Amino acid sequence: MSSLIKNVGTIGGLTMVSRIFGFARDMLLARVLGAGLAADAFQLAFTLPNTFRRLFAEGAFSVAFVPTYSRALHGEGGEEAAAKFADDVLSVFLWILLAFSAVMMIAMPGIVWLLARDFQEVPGKFEFAVFLSRVTFPYLALVSLVAMLSGLLNARSRFAPGAFAPVLLNIVLIGGITAGWWMRGPGGDDRIVAKALCVAVSVAGVVQLAYMWWAVRRAGLKLHWHLPKFTPEVKKLGMLILPATFGAGIYQVSQFVDTFFATSLAQGSLTLLKLADRLNQLPLGIVGIALGTAILPMLSRHIHSGDGAEAQRLQGNAFEIATLLTLPAAAALAICAPAFVTAFFVGGRFTDADGAIMAQIVAALVAGLPAYVIVKILNPGFFAREDMRTPVWTALAALIVNIAINLYVVERYGIVGLAGATAASASLNCILLYTVLHRRRWFHFTAKLAGRIARQLVAVAAMSALLWWMMPMMAPYYGGEVFERIWSLVALCAAGGAVFFVVAFLVGALDKDLVAMLTRRRRNGAATTKE
């Protein structure tokens, strides 16, 4: 448990830094562009490479590559076999990325039409979206190579560089927004900002790749590019990637579905959905990605060594950590959505009416937050055993349900109904994955874990009651001056967090032995520092 928490802390801490910069990026974007034509066109252009990144590079490729590379590294061939495998994968992967990017950029008008055909109803919007999408798409090839380099380090339990790389993306994008705002000037064309921002996306890919290449070389690893060879190992990796593309990416596939439905609604709907997802992505990225990344190589080692009990214990610990952090986060975001949206986003070209709709979207999205995170814990249970098919079938079932729900709710409830459908489908995927793991005796709920989660819910209820009471009392301050916005949110977060963790400790929702162990380690570390 302590090793898992250490790795999750490293990844989650750096991911938090990235999410903070991402938050600053979206706050600037909302104020500079609002929720209009240019903002919608940029959101679509950024959605394409970003979703493919999460689906292929950080999703399917990572979950297939890391266990395979780890097995080669810890097998008979050792470093030599692992290095050869990495070189072979790089040599094939690079050409596939270049070919895929070229085809997608040529076919971009058709792709944008499939996702956002209703953009044609607004003069110039469709053509502008196609142009921006072509500018941003090279980012996919660059960041896919970043994901491979990150996988090499993750397999060696070096998680920090890969977790830090997204920080560079957000820093460059903030620079792009600032440059575009300066070039536009007062009362200028918003499309100037969108163009500058899209150029910054591809520039960020170059910066991230350069950083990760340096990190890999610093770790003592060297990659060599040669003519592509489809070795048996590379072919096996490809066969694992194909089903994992869907199985690991139900959330990302749902993003394309949501984009299609959102672009059929009123102008600005796509922008509001993407900005709302930023609030949802904050805990999802910090907790979900960190846990999923940390347990995959550890789980692979336990399974390959035949230690099923240790694999069960590892996933149980990850499950407990996930619910401990996501249950209160989901409840707090749902209740306090108007406060967060008003304080962070309303201002400039982003109106109060935009904020009111966005707050409802946030509340609907975070209903599925625990499921989004738990899926990232359950999927490695299949990937570590090289079972890529089962997550495909569960993801397919969830996606079909998602589309069916959207066909019913979007017309009646608009963009808020769409967000709720995403949460419902993610929850279904989570239930299906656990059911299969349980039936195969690969992972099951223990009485201890169930009891711990029940106690966590008691703490969540206490926190929620307090936040319900505080929200209307502090409403005048969420949209006030900067200092008023800051202190009102700090008061909400501090009070809610304090109540949750105090009640959680009192009712036994926290592992007191673990708390004592971490406290001792912290004291020992402080004593060592003083010495």
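Ground rules first. The model is predicted, so local features need pLDDT of at least 70 and side-chain atom pairs count only at pLDDT 80 or more, while totals for chains, interfaces and linings use all residues. Residues are numbered from 1 along each chain as its sequence is written, and side-chain values use heavy atoms, with hydrogens and water left out.

Start with the whole chain. The secondary structure comes to 19 helices and zero strands. Helices here are DSSP runs of H or I with at least four residues, strands are runs of E with at least two, and numbering goes from the N terminus. The chain has 531 residues, and buried ones make up 56% of them. Buried means under 20% relative accessible area, exposed means over 50%, and partly exposed is in between, with a 1.4 Å probe and protein chains only. Now contacts, meaning heavy atoms within 4.5 Å. Take those between residues at least 6 apart in sequence: 84% join residues at least 24 apart.

Next, helix packing. Two packed helices are described by the angle between their axes and the distance between the axes. Axes are lines fitted to C-alpha atoms, for helices over the stretch in contact, and angles run from 0 to 180 degrees between N-to-C directions.

Look at helix 5, residues 125-136, and helix 6, residues 138-154. Their axes come within 5 Å and cross at roughly 25 degrees. Helix 5 and helix 6 are therefore roughly parallel. The cut-offs: under 35 degrees is roughly parallel, over 145 roughly antiparallel, 65 to 115 roughly perpendicular, and the rest oblique. Which residues make the contact? On helix 5 they are Arg134, Val135 and Thr136, and on helix 6 they are Pro138, Tyr139 and Leu140. By class, that is four nonpolar, one polar and one charged. Nonpolar covers Ala, Val, Leu, Ile, Met, Phe, Trp, Tyr, Cys and Pro; charged covers Asp, Glu, Lys and Arg; the others, Gly among them, are polar.

Helix 5 also packs on helix 8, residues 190-218, where the axes come within 8 Å and cross at roughly 25 degrees. So helix 5 and helix 8 are roughly parallel to each other. From helix 5 come Phe128, Phe131, Leu132, Val135 and Thr136. They meet Arg191, Ala194, Lys195, Cys198, Val199, Val201 and Ser202 of helix 8. This contact divides into eight nonpolar, two polar and two charged residues.

Stay on helix 5 for one more residue, Glu127. Buried or exposed? Glu127 counts as exposed, at 51% relative accessibility. Its C-alpha is 8.0 Å from that of Pro109, 18 residues apart in sequence.

Leu97 belongs to helix 3, residues 78-106. Its relative accessible area is 8%, so Leu97 is buried. Leaving out residues up to four places away in sequence, Leu97 touches Ala141, Ser144 and Leu145. Leu97 and Ala141 are 44 residues apart in sequence, yet 5.4 Å apart from C-alpha to C-alpha. Ser150 is buried, with a relative accessible area of 12%. With residues up to four places away left out again, Ser150 touches Gly162 and Met212.

On to empty space. Rolling a probe the size of a water molecule over the atoms shows where empty space is left. A cavity is a set of points on a 1 Å grid over the protein atoms alone where a 1.4 Å probe fits but cannot get out, and lining residues have an atom within 4 Å of a point. The search finds three cavities of 30 Å³ or more. Helix 2 has the largest share, with seven. By class, the lining has four nonpolar, six polar and six charged residues.

Ile431 sits in helix 15. Ile431 counts as exposed, at 52% relative accessibility. Its C-alpha and that of Thr394, 37 residues apart along the chain, are separated by 9.1 Å. Arg441 is in the loop between helix 15 (389-439) and helix 16 (447-473). At 77% relative accessibility, Arg441 is exposed too. Most residues other than glycine have a negative phi. Arg441 has a positive one, near 60 degrees.

Terms used
On a 1 Å grid over the protein atoms alone, a cavity is a set of points where a 1.4 Å probe fits but cannot get out, and a pocket is an open set with protein on both sides within 12 Å along at least five of seven lines; lining residues have an atom within 4 Å of a point. Grid points are joined across faces, edges and corners, and a volume is the space filled by probe spheres set on the points.
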